Amino acid sequence: MARRTVNYKTQGTCSQFIEVTVDDNDVIEEVTFYGGCNGNLKGICSLVRGMKVEDVKNKLDGIRCGAKNTSCPDQLCRALDQLG
């Protein structure tokens, strides 16, 4: 199986980096957020594990955090965009 991993530096969020690994079927194997709201981000990681990249992007793209133009879930979508 060909796995792809991206280490993404977030912008505009409390988290600082996201590491994402997907398999060759575009299914998310692992997500790790560095920094940010520990419990909430562990929950997001658990929920998206095993999901198709496209499904995660359809659900989380564009979510905002308060007055910010982005959020950790939205930044996860930006990281997934980097997978190509």
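Q: How do β1 and β2 pair, parallel or antiparallel?
A: Strand β1 (residues 4-9) and strand β2 (residues 15-22) are antiparallel, with 6 bridges between them. Two strands pair if DSSP finds at least two bridges between them. Helices (H or I, at least four residues) and strands (E, at least two) are DSSP runs, numbered from the N terminus. This is a predicted model: local features need pLDDT of at least 70, side-chain atom pairs count only at pLDDT 80 or more, and totals for chains, interfaces and linings use all residues. Residues are numbered from 1 along each chain as its sequence is written, and side-chain values use heavy atoms, with hydrogens and water left out.

Q: Which residue in β2 is the bridge partner of Tyr-8?
A: Ile-18 is the bridge partner of Tyr-8.

Q: And what is in the turn of that hairpin?
A: There are 5 residues between β1 and β2, and Gly-12 in the turn has a positive phi of about 80 degrees.

Q: Which strand does β3 join, and over how many bridges?
A: β3 (residues 28-35) runs antiparallel to β2, and 7 bridges join the two. Ser-15 is opposite Gly-35 of β3.

Q: Which residue in the β2 and β3 hairpin has a positive phi?
A: Asp-26, at near 60 degrees, in a hairpin with 5 residues between the strands. Asp-26 is not a glycine. Most residues other than glycine have a negative phi.

Q: Is Asp-26 buried, exposed or partly exposed?
A: Asp-26 is partly exposed, with a relative accessible area of 33%. Buried means under 20% relative accessible area, exposed means over 50%, and partly exposed is in between (1.4 Å probe, protein chains only).

Q: Back to the other loop. Where is Thr-10, and is it buried or exposed?
A: Thr-10 is in the loop between β1 and β2. Its relative accessible area is 7%, so Thr-10 counts as buried.

Q: What does the side chain of Thr-10 reach?
A: The side chain of Thr-10 comes to 2.5 Å from the backbone oxygen of Ser-15. There is also a polar contact of 3.3 Å between the side chains of Thr-10 and Thr-13. A polar contact is a pair of N or O atoms within 3.5 Å; within protein, one must be able to donate a hydrogen and the other to accept it, and residues adjacent in sequence count only if both atoms are side-chain atoms.

Q: Leaving aside neighbours within four places in sequence, which residues is Thr-10 in contact with?
A: Ser-15, Gln-16, Phe-17, Ile-18 and Gln-75 are in contact with Thr-10. Contact means heavy atoms within 4.5 Å.

Q: New topic. What pattern does the chain follow along the sequence?
A: The pattern is β-β-β-α-α-α. The radius of gyration is 12 Å, close to the 12 Å that the globule rule gives for 84 residues, so the chain is as compact as a globular protein of that length. The radius is taken over C-alpha atoms, and the rule is 2.2 Å times the number of residues to the power 0.38.

Q: How many of the residues count as buried?
A: Of the 84 residues, 38% count as buried.

Q: Which residues of α1 are buried?
A: In α1, Leu-41, Ile-44, Cys-45 and Val-48 are buried. They cover an arc of only 100 degrees around the axis, which puts them on the same side of α1. The arc is that of the directions from the helix axis to the C-beta atoms. Gly-39, Lys-42 and Leu-47 are exposed on the other side of α1.

Q: What do the buried residues of α1 pack against?
A: They pack against β2, β3, α2 and α3. Gly-50 follows α1 and has a positive phi near 90 degrees.

Q: And α3, how many of its residues are buried?
A: In α3 (residues 72-81), 8 of the 10 residues are buried. Among them are Cys-72, Gln-75, Leu-76 and Cys-77.

Q: What covers the buried residues of α3?
A: The cover includes β1, β2 and β3, along with α1 (38-48) and α2 (53-60).

Q: Which backbone nitrogen does Ser-71 reach at the start of α3?
A: That of Asp-74: a side-chain oxygen of Ser-71 reaches to within 3.1 Å of this nitrogen.
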